[in-house]
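Subject: Handing over a structure

Hi,

Here is the structure I promised to pass on.

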Amino acid sequence: MALTDRTQAAPDLRQIGTLVAGDYIAFNIVTAIGLLSHGELTGLGRIGEILTIATPFAAGWFAVAPWLGAFRADVATQPKRTLARSALAWLIALPIGLLLWSLVRQKSVQPAFAIVTFITNLIVLLGWRGTFAWLAGRARSR
């Protein structure tokens, strides 16, 4: 089946809203962990910086993931499909996020940062989306 197959169930707006919120939270969690690991997360006053750092990656994700079907109801409720589709979407979204991050932060992207960003966000996104798919699939089959 093609990635852009249009024969699908009608979108569940509550499901999509939950996925969008969870995805954005996932990017912010990864950013907070990164800042914490570098000793740069020193209090609630840094929440703005967390958002500033995470948002370019989330923007790249939200620019790519819907086009690759990561929010489709028939994908989002099946763990294997959602994990594969999410991994592909993140692989394609990462360069966009890195470019936006570089423009916002006025910094060049170091290869180690790109690799760590890819891996940590992939783990958190797949963990979150896999859990969501498993739970949603169970609820759907009842």
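**Salt bridges**

Let's start with Arg81, which is partly exposed because its relative accessible area is 23%. On that scale, buried is under 20% relative accessible area, exposed is over 50%, and partly exposed is in between (1.4 Å probe, protein chains only).

Before going on, a word on what you're looking at: this is a predicted model, where local features need pLDDT of at least 70 and side-chain atom pairs count only at pLDDT 80 or more, while totals for chains, interfaces and linings use all residues. Residues are numbered from 1 along each chain as its sequence is written, and side-chain values use heavy atoms, with hydrogens and water left out.

Back to Arg81: its side chain meets that of Asp74 in a salt bridge, 3.5 Å from N to O. The rule for a salt bridge is a side-chain nitrogen of Lys or Arg within 4 Å of a carboxyl oxygen of Asp or Glu. Asp74 counts as buried, since its relative accessible area is 15%. Salt bridges with shared partners link Arg72, Asp74 and Arg81 into one network.

How many salt bridges does the rule give? The count is four. One of them pairs Arg129 with Asp23, with 2.9 Å between the closest N and O atoms. Arg129 sits in helix α5 and Asp23 in helix α1, so this pair ties together parts 106 residues apart in sequence. (Helices here are DSSP runs of H or I, at least four residues, and are numbered from the N terminus.) Both ends are buried: Arg129 has 1% relative accessibility, and Asp23 has 0%.

Arg105 and Glu49 also form a salt bridge through their side chains, at 3.5 Å from N to O. Arg105 belongs to helix α4 and Glu49 to helix α2, so here the parts tied together are 56 residues apart in sequence. Arg105 is partly exposed at 24%, whereas Glu49 is buried at 19%.

**The core**

A nonpolar core is a set of buried Ala, Val, Leu, Ile, Met, Phe, Trp, Tyr and Cys residues joined through side-chain atoms within 4.5 Å. The largest one has 28 residues, and Phe27, Phe57, Trp61 and Trp90 have the most contacts inside it. Helices α1 (13-37), α2 (47-64), α4 and α5 each supply at least two of its residues. Which helix gives the largest share of this core? That is α2, with seven residues.

Setting aside neighbours within four places in sequence, Trp90 is in contact with residues including Phe27, Phe57, Trp61 and Asn121. Contact means heavy atoms within 4.5 Å. Asn121, in helix α5 (residues 111-141), is buried at 4% relative accessibility.

**Helix α4**

This helix bends by about 35° at Ala93, with Pro95 following within four residues. The bend is the angle between axes fitted to the seven residues ending at a residue and the seven starting there. Just after α4, Gln106 takes a positive phi of about 55°.

Val64, in α2, is buried at 8% relative accessibility. Beyond residues up to four places away in sequence, Val64 touches Ala89, Ile92, Ala93 and Ile96. Ile96, for its part, is in α4 (residues 79-105) and is partly exposed at 33%.

Happy exploring!
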